[in-house]
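Work through the exercises below with the model open. Try each task before you read its solution.

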Amino acid sequence: GAEDKIYQIEQQLFQELLNELQDYIAPMQINGQVMAVLDCLSCFAENAIHLGYKKPEVHIGKELELKDSRHPVIERNLPVGESYITNDVLLDAEQQQIIILTGPNMSGKSAILRQTALITLLAHMGSYVPASFAKVPLTDKIFTRVGASDNLSGGESTFMVEMNETASIINNLSANSLIILDEIGRGTSTYDGISIAWSIAEYLHESPFAPKTLFATHYHELNELENKFSRIKNFHITNKESGNKIIFLRKLAPGGSTHSFGIHVARMAGMPPL
């Protein structure tokens, strides 16, 4: 019928058009890839110019050194007039392989962990980084164990997910890895959690690969590791107590902390007095 004839004509016209465009498909794909690269690089350049990013030094050694480092996302979302409090980070395979990071809740421990990983990633992408100076070693893997979530569909508890991810890190690390651990062991009892966290830190220190590690924890017992292992160093996030209030100074300093100030944070969150 007439409809079939119209359909055949449309198909024929479409095929003729496709044949005419066939020679242009490859050039269009190449142009699209080139435009994508230019768009990415122009965004890198714009960030570097407007946000004060600096060119990182990527080298084949083991030393990760950051001066005045910042979190690229958090600093963009600060209240008007508030400046980001920068921090220096140093990790190497000889003197300071593992940093045990303690400090109050909400003081900025996780931010320092994340900004270190992000700066390492940005440097490998070819971007300038949010720091006044950055010496970044060639890194083959960035391992992170942060946050808390379960896997209900797989029948895995929060702690099981945490242990699975940690086991994957331990079984796949290398000499050029960067490891970010946040609150390992918090998903189980205190005694078991401390034992697991201690064992992981000790294993990473004794590993022949000596992977660079940032380990944030509320288990202040882990501060003892510095006295037992030469390449484990304690750092804390500074704070100031004023009356019944706590002021987070958000500055990284040598030495361990012995307080988490959980009661203060609960009060800040609006928990009523009991």
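Buried means under 20% relative accessible area, exposed over 50%, and partly exposed in between (1.4 Å probe, protein chains only). This is a predicted model, where local features need pLDDT of at least 70, side-chain atom pairs count only at pLDDT 80 or more, and totals for chains, interfaces and linings use all residues. Residues are numbered from 1 along each chain as its sequence is written, and side-chain values use heavy atoms, with hydrogens and water left out.

**Exercise 1.** Classify Cys40 and Cys43 by accessible area, and find how many disulfides the whole structure has.

Solution.
- Step 1: Cys40 has a relative accessible area of 35%, so Cys40 is partly exposed.
- Step 2: Cys43, at 36%, is partly exposed.
- Step 3: A disulfide is a pair of cysteine sulfur atoms within 2.5 Å.
- Step 4: The cysteine sulfur closest to that of Cys40 is in Cys43, 6.8 Å away, which is too far for a bond.
- Step 5: The search of the whole structure finds zero disulfides.

**Exercise 2.** Describe the lining of the second largest pocket by class.

Solution.
- Step 1: A pocket is an open set of points on a 1 Å grid over the protein atoms alone, where a 1.4 Å probe fits, with protein on both sides within 12 Å along at least five of seven lines; lining residues have an atom within 4 Å of a point.
- Step 2: The second largest pocket is lined by 13 residues, and Leu66, Asp88, Val89, Leu90 and Leu252 lie nearest its centre.
- Step 3: Ala, Val, Leu, Ile, Met, Phe, Trp, Tyr, Cys and Pro count as nonpolar, Asp, Glu, Lys and Arg as charged, and the others, Gly among them, as polar.
- Step 4: The lining has six nonpolar, two polar and five charged residues.
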